[in-house]
Amino acid sequence: MVKFTTLLWITLLLGGCSANTEPKLDKPTDDAKQALPALHIQPEVYALGDIQEGEAAIVVFLIRNNGAQAVELVDIQVSCGCTAATPDSYIIPAGGFTQLKVSVDTTAKQEGIKKSVFVTDSLGHQASAILTFNVVENPHPKQGDIQGIFDGLCASCHFEPLVDIAEPAKLYAVGCAMCHGDAGQGAYAPQLLGFSSQEALVTLIGEGVGKPQMPGFAQSQGGPLSDKQIESLAHWIMTLPKISK
Ligand code: HEC
Ligand code: HEC
């Protein structure tokens, strides 16, 4: 039995990577008279949208057993590799379902991706579904791989947008909030509340703290900000209310 289904799968899988959208369903069986196929997967097409490169695309399908007796899943295949598919349970009671978690590693993948999922039960029923998603460029490096935030591609978000902003609140929102929190309360980076000296703040912002995540923002240090921008930003940060914990 297992040999037989394996052989069948090889035939199906050969078509699986190409653009065939028609799910290949059961050969006619006793269940054929029912409205829904004995075994089917919901949804038939799962469109996941944009996924950043390097992140896992994870979806949960439902495999339904519409037949009159319990079945066991004997084969689960996903087209083209780099994908894991794990059911909650291999046994599906009559009229019941199980969840199938499918996860695709998107590392080094590009743009439109289409994966097919195929399952076979112990009665020889088959069902399939399709998972589509679009891999978009990930602007952030993996952990432990931090570059300077003014370098290369990073500058398009962490440097260039700051250059012409005069208004300090806006400057903060565009250039600092992403790391220090919307109201200076700290997030990825420490809080900026409670500084007693504006002078110290000016120095820290202008010269940085010697880390690639917090380089000197002053133009003299290769950063985007004029002395005037830094002065007004420091002054504005000093006015932020302290947040009591
Ligand atoms: C497309 C715009 C964009 C680009 C390009 C970009 N960043 Fe960011 N960065 C952000 C935003 C927005 C945040 C706020 C957190 C978030 O939304 O991920 C952020 C947050 C960060 C953080 C704080 C940690 C975190 O993940 O929240 C670090 C560190 C960082 N970026 C470094 C970099 C480096 C280094 C590069 C270049 C390799 C870079 N960024 C490229 C927009 C960008
Ligand atoms: C990509 C993330 C990131 C961005 C953007 C960023 N910082 Fe920082 N900043 C840090 C990190 C991380 C530290 C702490 C580094 C350390 O000491 O470990 C830091 C430290 C500081 C410090 C010193 C804090 C202290 O307690 O000594 C100040 C002041 C500061 N940042 C102000 C700013 C201002 C103002 C901006 C916007 C112009 C800004 N930072 C933008 C990540 C960032």
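A: Let's take helix α6, which has 12 residues and reaches 17 Å from its first C-alpha to its last. That's close to the 16 Å expected at 1.5 Å a residue, where the expected span is 1.5 Å times one less than the number of residues. Helices here are DSSP runs of H or I with at least four residues, strands are runs of E with at least two, and both are numbered from the N terminus.

Before going on, keep in mind that this is a predicted model: local features need pLDDT of at least 70, side-chain atom pairs count only at pLDDT 80 or more, and totals for chains, interfaces and linings use all residues. Residues are numbered from 1 along each chain as its sequence is written, while chains are lettered from A and ligands numbered from 1 in the order in which they are written.

Which residues of α6 are buried? They are Gln-229, Ile-230, Leu-233, Ala-234 and Ile-237. Looking down the axis of α6, you'd find these buried residues within an arc of 130°, so they line one face of the helix. As for the words, a residue is buried if 20 or more other C-beta atoms lie within 10 Å of its own, exposed if 12 or fewer, and partly exposed in between, with C-beta atoms placed from the backbone.

So what does the buried side touch? The buried residues of α6 pack against α3 and α5, and contact here means C-beta atoms, placed from the backbone, within 7 Å.

Take α5 (198-207) to begin with. Leu-201, Ile-205 and Gly-206 are its buried residues. They span an arc of only 120° around the axis, which puts them on the same side of α5. Turned away from that buried side, the face of α5 carries Glu-199 and Ala-200, which are exposed. The buried residues of α5 pack against α6, and after α5 comes Gly-208, whose phi is positive, near 75°.

Now for α3, which covers residues 168-175 and has Leu-171, Tyr-172 and Gly-175 buried. Their arc is only 100° around the axis, which puts them on the same side of α3. The partners of these buried residues are α4 and α6.

Ligand 2 is surrounded by 19 residues, the closest being Cys-176, Cys-179, Ala-189, Leu-204 and Met-214. The elements giving two or more residues to that shell are α4 (177-180), α5 and β10 (208-211). A residue joins a shell if its C-beta atom, placed from the backbone, lies within 6 Å of the molecule. By class, the ligand 2 shell splits into 14 nonpolar, 4 polar and 1 charged. Here Ala, Val, Leu, Ile, Met, Phe, Trp, Tyr, Cys and Pro count as nonpolar, Asp, Glu, Lys and Arg as charged, and the others, Gly among them, as polar.

Ligand 1 has 15 residues around it, and Pro-139, Cys-154, Cys-157, Met-178 and Tyr-188 come nearest. Two or more residues of its shell come from each of α2 (155-158) and α4, with α2 giving the most, 3 residues. This shell holds 10 nonpolar, 5 polar and no charged residues.

Stepping back, the protein chain has 6 helices and 11 strands, and 24% of its 245 residues count as buried. Among the strands, five form an open sheet of mixed pairing, in the order β2-β9-β8-β4-β6. The edges are β2 (45-52) and β6 (91-92), each with a single partner strand, so one side of each is left without a neighbour in the sheet. For β2, 6 bridges join it in parallel to β9 (residues 126-136), and strands count as paired if DSSP finds at least two bridges between them. Within that pair, Ala-47 stands opposite Thr-132 in β9.

How values were computed: The arc is that of the directions from the helix axis to the C-beta atoms. Two residues are in contact if their C-beta atoms, placed from the backbone, lie within 7 Å.
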